[in-house]
Protein chains: 4
Amino acid sequence: MDLNADLGEGFGRWELGDDEALLDVVTSANVACGFHAGDAATMRRTCALAASQGVAVGAQVGYRDLAGFGRRFIEYELPQLRDEIIYQVGALQALAAAEGTRVRYLKPHGALYHAVAHVDAIVDAARATGLPVLCAPGSPLATAAGDAVVPVYAEGFADRAYRADGTLLPRGKPGAVITDQEEVVARALLMAVDQRVIALDGTVLPHAVDSICLHGDTPGAVTLARAVREALAQADVPLRPFLP
Amino acid sequence: MDLNADLGEGFGRWELGDDEALLDVVTSANVACGFHAGDAATMRRTCALAASQGVAVGAQVGYRDLAGFGRRFIEYELPQLRDEIIYQVGALQALAAAEGTRVRYLKPHGALYHAVAHVDAIVDAARATGLPVLCAPGSPLATAAGDAVVPVYAEGFADRAYRADGTLLPRGKPGAVITDQEEVVARALLMAVDQRVIALDGTVLPHAVDSICLHGDTPGAVTLARAVREALAQADVPLRPFLP
Amino acid sequence: MDLNADLGEGFGRWELGDDEALLDVVTSANVACGFHAGDAATMRRTCALAASQGVAVGAQVGYRDLAGFGRRFIEYELPQLRDEIIYQVGALQALAAAEGTRVRYLKPHGALYHAVAHVDAIVDAARATGLPVLCAPGSPLATAAGDAVVPVYAEGFADRAYRADGTLLPRGKPGAVITDQEEVVARALLMAVDQRVIALDGTVLPHAVDSICLHGDTPGAVTLARAVREALAQADVPLRPFLP
Amino acid sequence: MDLNADLGEGFGRWELGDDEALLDVVTSANVACGFHAGDAATMRRTCALAASQGVAVGAQVGYRDLAGFGRRFIEYELPQLRDEIIYQVGALQALAAAEGTRVRYLKPHGALYHAVAHVDAIVDAARATGLPVLCAPGSPLATAAGDAVVPVYAEGFADRAYRADGTLLPRGKPGAVITDQEEVVARALLMAVDQRVIALDGTVLPHAVDSICLHGDTPGAVTLARAVREALAQADVPLRPFLP
C-alpha cells in the first residue's frame with residue numbers, strides 16, 4: 001500500500017503543515033506546483049527531501065488561485081486549463097530533475113479534484129506529459145482517464161466519511177472529517193487489508209485503492225499519519241510507492 | 001546568422017507585438033515563460049507556431065513581476081531566483097514537448113538581462129537545465145557562464161546604440177534606440193558580414209555575434225525586422241538558428 | 001442620457017482600448033480597480049483625465065483574476081467577495097481623491113456582472129461604501145439592490161442583441177454583438193428617445209435606461225462610440241452623468 | 001507610550017502570527033494591505049478586532065510582492081510606487097470604515113521601510129491620503145516627511161540591537177534580534193521612561209519614541225509582547241495610541 005500526502009503547500013513566507021515529519025511517513029508526495037500553493041524553492045526542497053527518503057514525487061496541480069488555495073471552482077476554458085496543468089507539471093519536472101528525481105504522477109488539488117467539467121483537461125494534460133493520474137476510484141476523472149487509456153491509480157481517505165454511493169461526504173458537512181485516531185487507523189486497515197470501506201449508513205463497500213491519502217495541515221495530523229503507518233506496518237502491509 | 005526576438009509576451013486578455021509576423025522573420029524565438037509575461041496557452045501556441053516554421057524555441061526567463069514586465073530589478077536571494085528560472089524553463093519545456101519541439105536555450109529578460117548581481121543564478125539554472133545561454137558578448141553573464149563551462153552564444157542589437165566600451169547605451173538615453181531603417185539594416189549587415197559595430201563616438205568595434213536581436217513590440221518593428229532579414233538574405237548570409 | 005464605458009483596463013506594460021479617445025465620448029467612466037485589470041498608476045491617470053473632462057468616475061469591480069480578465073466565474077464565499085469589492089472601491093476612492101474627484105457608483109465587470117449567486121456580495125459592498133449600482137434593468141442584481149434599498153441605475157447596450165425576455169444574447173452566440181454603425185446608432189436613439197429596444201424576434205420591449213454602455217476595446221469601437229454620441233446630440237438628447 | 005505590531009499578515013489559506021493575542025497587547029495595529037501580505041477579508045477582520053479593543057489602525061504598506069513578503073527591494077519608478085501606496089491605503093480605509101473605524105497612520109513594511117530611494121513616494125502618498133507616517137527616528141524617511149511637513153511619529157525596537165549611530169543592526173547579523181525576555185523588557189522600559197537606548201558598543205543614545213514596535217510572528221513573541229506591556233503598565237507608563 002502507498003501512503004500519499006499533500007506537501008510543499010507553503011508560499012514564500014508562509015508555511016503549511018510539517019513537511020519534514022510527513023516525509024517520514026508517506027511513500028508518495030503530492031508536491032504543490034505554484035498555482036494554488038508552492039513556490040520554486042519550496043518545490044525543489046520538497047523534491048530533495050523526497051528523493052533522500054525514497055518517496056515518490058507527484059505533481060499536485062491546481063487552479064491559478066493563490067488567494068483561494070485552489071479550493072474555489074473557476075470556470076476555465078478547457079485548453080487553457082490543460083495548458084496550465086502541463087505548465088505546472090513541467091515546472092516541477094525541471095526542479096525534480098535538479099534534485100536527481102522525477103515526477104511520477106499527477107494529482108489534481110482542491111476544487112479541480114472534484115470538478116466534473118474539467119476532467120478532460122486533466123486527462124489531456126496527463127497524456128501530454130505521459131503521467132498517470134491519482135484520484136478517487138469510480139470518479140468521473142477516473143472514468144475519463146480510463147476511456148483515454150491514461151493509467152489511473154485509486155486513493156482512499158481513512159479520515160473521511162463515505163456515503164453509500166462511494167463518494168465522500170463534502171468537507172463542510174458535520175462528521176465529514178474523522179479525527180478519532182482509533183477509528184482512522186481501523187478504517188485504514190480495512191482499506192489496505194480488506195479493500196473495503198464502511199459508509200455512513202453502515203453499508204460495507206468494496207474499495208480497492210492503491211494509496212491512502214493522509215493530511216498534514218491540521219492539528220494532530222502528523223500523529224494520526226504516523227499511527228496509520230505504524231498500524232499498516234504491524235499488519236504486515238508492505239508500504240511503498242504505488243508506482244513500481 | 002540567427003535572428004532572435006521576444007515572443008509570446010502577452011498575458012491573458014492582453015497582447016503585445018505581432019507574434020505571427022515575427023515568426024516569419026526570426027530563426028529563434030525567446031518565449032516568455034509566465035513570470036514577467038506570457039501564460040501557458042500563449043506559450044504553447046507560440047511553440048506550435050515556432051515548430052511549424054522551423055524556428056528554435058528559447059526560454060525567455062525573468063523576475064516574478066507581471067506588474068513591472070520584468071523590467072525592475074528585484075533583490076532576490078540567489079537560490080530562489082535560480083529555482084524560479086528552472087521552474088520557468090521546465091514549464092516551457094513541457095509545453096514545447098506537447099507541440100513536438102523543445103527548448104534550446106535560455107535568455108534572461110529585462111532587468112534580469114542586466115543584473116550583474118544575478119548572473120550566478122542564471123548560470124546555475126542553465127547548468128541545471130542543460131541549456132546554453134544567449135546574452136551580450138563580454139557581459140558579466142557571458143563571463144560567468146564561460147567560467148562555469150556553460151555554453152554561451154552572443155547576440156548583437158542592430159537597432160541600439162553602442163558605447164565605445166562595447167556596452168549598450170541605456171534605453172532611456174536619447175539616441176539609444178535607432179529607428180531609421182536604412183541605418184538599422186546597415187548595422188545588421190556590418191555585424192553579420194564584418195562582425196563589427198560602430199560605437200557612438202565612431203570607434204569601430206569587433207563584434208562577433210551568433211544572433212541579432214530584433215524587436216517586435218514597437219510601431220514599425222515588424223517592417224524593420226523584415227528589412228533586416230531581407231538584406232541579410234540578399235547579402236547571402238545564411239539564416240538559421242544559432243544552435244546546430 | 002449618460003454614456004458609460006470600461007476604461008483603464010490595461011495592466012502594467014499592457015494597454016487595452018483607447019482611453020483618451022473614449023473619455024471624449026462618454027459621460028461616465030467605469031475604471032478597472034486592479035483585480036481583473038487596471039493598476040494604481042493607470043487608475044489614477046484615468047481619474048485625472050475623467051476629472052478634467054467632467055466625466056463621472058465609477059468603480060469597475062471584478063473577480064481577482066488577472067489571467068482571466070474577470071471573465072470566468074469563480075466560486076467565491078460571499079463575505080470574501082464582498083470584502084474584495086469594498087477593497088477595490090476604497091483603492092479607487094483614494095486615487096480619485098488624489099486627483100480631486102470621487103467615485104460615484106459601482107459597476108461589476110465580466111462574470112461578476114452576470115453571476116446570480118453573487119448579487120448579495122455586490123449589494124452589501126455597495127451599501128458598505130454608500131455607492132449606487134449600475135447594471136442591467138430587471139437583472140437579479142437590480143432586484144437585489146432594490147430589495148436592499150441600494151440605489152440602482154439601469155444601462156442598455158446599443159451594440160448587443162436582446163432576447164425577447166429582455167436579457168442579452170450571450171457574447172459567444174452569433175449575432176450577439178452588433179457592429180453595423182447605422183444599426184447601433186438607431187438602437188441607441190430608440191433607447192434614449194423612446195426607451196425601447198427591439199428584441200431578436202422583433203418584439204418591441206420597453207427599456208428605460210439611465211445610461212448606454214459603449215465598448216472601447218474592439219477595432220472601430222471608438223468610431224462607433226463617437227457616432228452614437230453625435231446622433232444623440234443631434235436628437236437633442238442631453239448628455240450627462242446619470243448621477244446628478 | 002504606544003505599542004504597535006504588524007497584524008493581518010496572512011494571505012488566504014495562510015496565517016501568520018497570533019493576531020487575536022497581539023490585539024490584546026498593542027495599542028496600534030499595522031494592518032497589511034494586500035500587496036506583500038493580507039487579503040480583504042483578513043484586513044476587515046483585523047479592523048473589526050482592533051475597533052472592538054480600542055486599538056488604532058494603521059496601513060502597513062509594502063511592495064507588490066507576495067512571493068517575497070515585501071522584504072526584497074524592487075526598483076520602482078516613484079510615481080508608480082506612490083500610487084500603489086495610495087491604492088493600499090484606500091483599500092484599507094474602505095474596509096476600516098465598513099467596521100466603524102478608520103486608518104490613522106501609514107507605516108512602510110519590509111524593504112520599503114528601509115529603502116532610501118523610495119522615501120519621496122511614501123511621503124507623497126502620506127500627503128495625498130492625509131496620514132502621518134510611523135517610522136524610525138532620524139531615518140531618511142523621517143527627514144523627508146519633516147521636510148514635506150507630513151507629521152512623523154517615531155518608533156523604537158525593544159528587541160533589536162542598535163548601532164552607535166542609532167540605526168538598527170540588520171536582521172541577518174548575529175545578535176540583531178534580542179529574545180531574552182528580561183533584556184527586552186529592560187530596553188522597553190529604558191525607551192519608554194528614559195527615552196534612551198543602549199547601543200551594541202555600550203553607548204547610551206537618546207531615543208525619544210512615540211511607539212515601541214513588537215513582533216508577533218516568531219515563537220514566544222506574544223509572551224514577550226505581553227511582558228513588555230505588563231512592565232510598562234507596572235512602571236505607570238500610560239499605554240495608548242500615539243495619535244490623540
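**Exercise 1: The interface of chains B and C**

Between chain B and chain C, the number of salt bridges is zero. The model is a predicted one.

Task. Determine how many residues of chain B and of chain C take part in the contact, and which three residues of chain B supply more of its buried area than any other three.

Solution. Step one is the residue count: chain B contributes 15 residues and chain C contributes 15 residues. Step two is the area: about 1200 Å² is buried between chain B and chain C, with 67% of it on carbon and sulfur atoms. Step three divides the side of chain B: B:Phe11, B:Arg13 and B:Trp14 account for 59% of the area that this chain buries against chain C, more than any other three residues.

**Exercise 2: The interface of chains A and B**

Task. Describe the contact of chain A with chain B, and state how many salt bridges are counted between them.

Solution. Begin with the extent of the contact: 23 residues of chain A touch 23 residues of chain B. The buried area is about 1700 Å², and carbon and sulfur atoms give 66% of it. On the side of chain A, the residues that lose the most area to chain B are A:Arg44, A:Asp83 and A:Tyr87, which together make up 33% of what that side buries.

Next, consider charge. Side chains of opposite charge can pair when their charged atoms come close. Two salt bridges are counted between chain A and chain B. One joins B:Arg44 to A:Asp83, with the closest N and O atoms 2.8 Å apart. Another joins B:Asp83 to A:Arg44, at 2.8 Å from N to O. This latter pair runs between chains, from helix H3 (residues 78–98) of chain B, which holds B:Asp83, to helix H2 (residues 40–53) of chain A, which holds A:Arg44. Over all chains, the count comes to 28 salt bridges.

**Exercise 3: Two helix pairs in chain C**

Task. Explain why H2(C) is classed as oblique to H3(C), and state which residues of H3(C) and H5(C) make their contact.

Solution. First, the axes of helix H2 (residues 40–53) and helix H3 (residues 78–98) of chain C come within 8 Å and cross at roughly 50°. Because of this angle, H2(C) is oblique to H3(C). The crossing is right-handed. From H2(C), C:Ala40, C:Met43, C:Arg44 and C:Cys47 meet C:Ala91, C:Leu92, C:Leu95, C:Ala96 and C:Ala98 of H3(C). By class, these residues are eight nonpolar, no polar and one charged.

Second, H3(C) packs against helix H5 (residues 119–129) of chain C at about 40°, with the axes 8 Å apart. That angle makes H3(C) oblique to H5(C). This crossing is right-handed. H3(C) supplies C:Leu78, C:Leu81, C:Arg82, C:Ile85, C:Ile86, C:Val89 and C:Gln93, and H5(C) supplies C:Asp120, C:Ala121, C:Ile122, C:Asp124, C:Ala125, C:Ala128 and C:Thr129. The contact has nine nonpolar, two polar and three charged residues.

**Exercise 4: A helix pair in chain B**

Task. Characterise the packing of helix H5 (residues 119–129) and helix H6 (residues 140–147) of chain B.

Solution. The angle is about 45° and the axes are 9 Å apart. H5(B) and H6(B) are therefore oblique to each other. Their crossing is right-handed. The residues in contact are B:Val119, B:Asp120, B:Ile122 and B:Val123 from H5(B), with B:Pro140, B:Leu141, B:Ala144 and B:Ala145 from H6(B). Seven of these residues are nonpolar, none is polar and one is charged.

Definitions and conventions. Residues numbered from 1 in each chain as written. Chains lettered and ligands numbered in written order. Predicted model: local features only at pLDDT ≥ 70, side-chain atom pairs only at ≥ 80, totals over all residues. Heavy atoms only, no water. Axes fitted to C-alpha atoms, helices over the stretch in contact; angles between N-to-C directions. Helix = DSSP H or I, 4+ residues; strand = E, 2+ residues; numbered from the N terminus. Parallel < 35°, antiparallel > 145°, perpendicular 65-115°, else oblique. Left-handed = near helix turned anticlockwise from the far one by under 90°. Contact = heavy atoms within 4.5 Å. Nonpolar A, V, L, I, M, F, W, Y, C, P; charged D, E, K, R; others polar. Buried area = accessible area lost by both parts, 1.4 Å probe. Salt bridge = Lys/Arg side-chain N within 4 Å of Asp/Glu carboxyl O.
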